Amino acid sequence: DRVVISGSEDGAVVAWDKLAAGPPIARARPHDSCLTALACHPTQELVLSAAVDGSACLQELIQCNQVQ
């Protein structure tokens, strides 16, 4: 697996290529508050995130905005 997923205080889910130095490869902001949990599906490109405000979001990695 080349991709590492992280969450941030601003509600963003960020994808990083762990074999390449540099900026993230994708970023989405599905929440308006700090993330409290992230989970990745073991075989599909799905990420479930949860935030302090009680919201949850299930999204495909391809829905994240590609960072150039």
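This note goes through the strands, the core, the charged pairs and the cysteines of a predicted model.

1. Basis of the note. The model is predicted, and for that reason local features are considered at a pLDDT of at least 70 and side-chain atom pairs at pLDDT 80 or more, while totals for chains, interfaces and linings use all residues. Residues are numbered from 1 along each chain as its sequence is written, and side-chain values use heavy atoms, with hydrogens and water left out.

2. The sheet. Three strands form an open sheet in the order β4-β5-β6, with antiparallel pairing; strands here are DSSP runs of E with at least two residues, helices being runs of H or I with at least four, and both are numbered from the N terminus. Two strands count as paired if DSSP finds at least two bridges between them. The edge strands are β4 and β6 (56-60), each of which pairs on one side only. On average, neighbouring strands of this sheet are turned by 20 degrees against each other, direction ignored, where the axes are lines fitted to C-alpha atoms (for helices over the stretch in contact) and angles run from 0 to 180 degrees between N-to-C directions.

3. Strands β4 and β5 run antiparallel and are joined by 5 bridges, and a hairpin connects β4 to β5 through 5 residues. Within this pair, Leu 35 has Ala 51 of β5 as its bridge partner, and Leu 38 has Ser 49 of β5. Strands β5 and β6 also pair in the antiparallel sense, over 5 bridges, and Val 47 finds its bridge partner in β6 at Gln 59. The hairpin of β5 and β6 has 4 residues between the strands, and in this hairpin Gly 54 takes a positive phi near 90 degrees.

4. The nonpolar core. The largest nonpolar core has 8 residues, namely Ile 5, Val 13, Ala 15, Ala 26, Leu 35, Val 47, Ala 51 and Leu 61; such a core is a set of buried Ala, Val, Leu, Ile, Met, Phe, Trp, Tyr and Cys residues joined through side-chain atoms within 4.5 Å. Strands β2 and β5 (46-51) each supply at least two residues of this core.

5. Ala 15, in strand β2 (residues 13-17), counts as buried because its relative accessibility is 5%, the classes being buried under 20% relative accessible area, exposed over 50% and partly exposed in between, with a 1.4 Å probe and protein chains only. Leaving aside neighbours within four places in sequence, Ala 15 is in contact with Val 3, Val 4, Ile 5, Pro 24, Ile 25 and Ala 26, where contact means heavy atoms within 4.5 Å. Val 47 lies in strand β5 and is buried, with a relative accessible area of 2%; residues touching Val 47 from beyond four places in sequence include Ile 5, Val 13, Leu 38 and Leu 61. The C-alpha atoms of Val 47 and Cys 57, which are 10 residues apart along the chain, are separated by 8.0 Å.

6. A buried histidine. His 31 is placed in the loop between β3 (26-28) and β4 (35-40), and it is buried, with a relative accessible area of 2%. Among the residues in contact with His 31, apart from neighbours within four places in sequence, are Asp 10, Gly 11, Ser 49 and Cys 57.

7. Salt bridges. The count comes to 2 salt bridges, a salt bridge being a side-chain nitrogen of Lys or Arg within 4 Å of a carboxyl oxygen of Asp or Glu. In one of them Asp 17 pairs with Arg 2, the closest N and O atoms being 2.6 Å apart; Asp 17 lies in strand β2 and Arg 2 in the segment before β1 (3-7), so the pair ties together parts that are 15 residues apart in sequence. Asp 17 is buried at 17% relative accessible area, whereas Arg 2 is partly exposed at 45%. The side chains of Arg 27 and Asp 10 also meet in a salt bridge, at 2.9 Å from N to O; because Arg 27 lies in strand β3 and Asp 10 in the loop between β1 and β2, this pair ties together parts that are 17 residues apart in sequence.

8. Cysteines. A search of the whole structure finds 0 disulfides, a disulfide being a pair of cysteine sulfur atoms within 2.5 Å. Cys 34 is partly exposed, with a relative accessible area of 28%, and Cys 40 is likewise partly exposed, with 49%.
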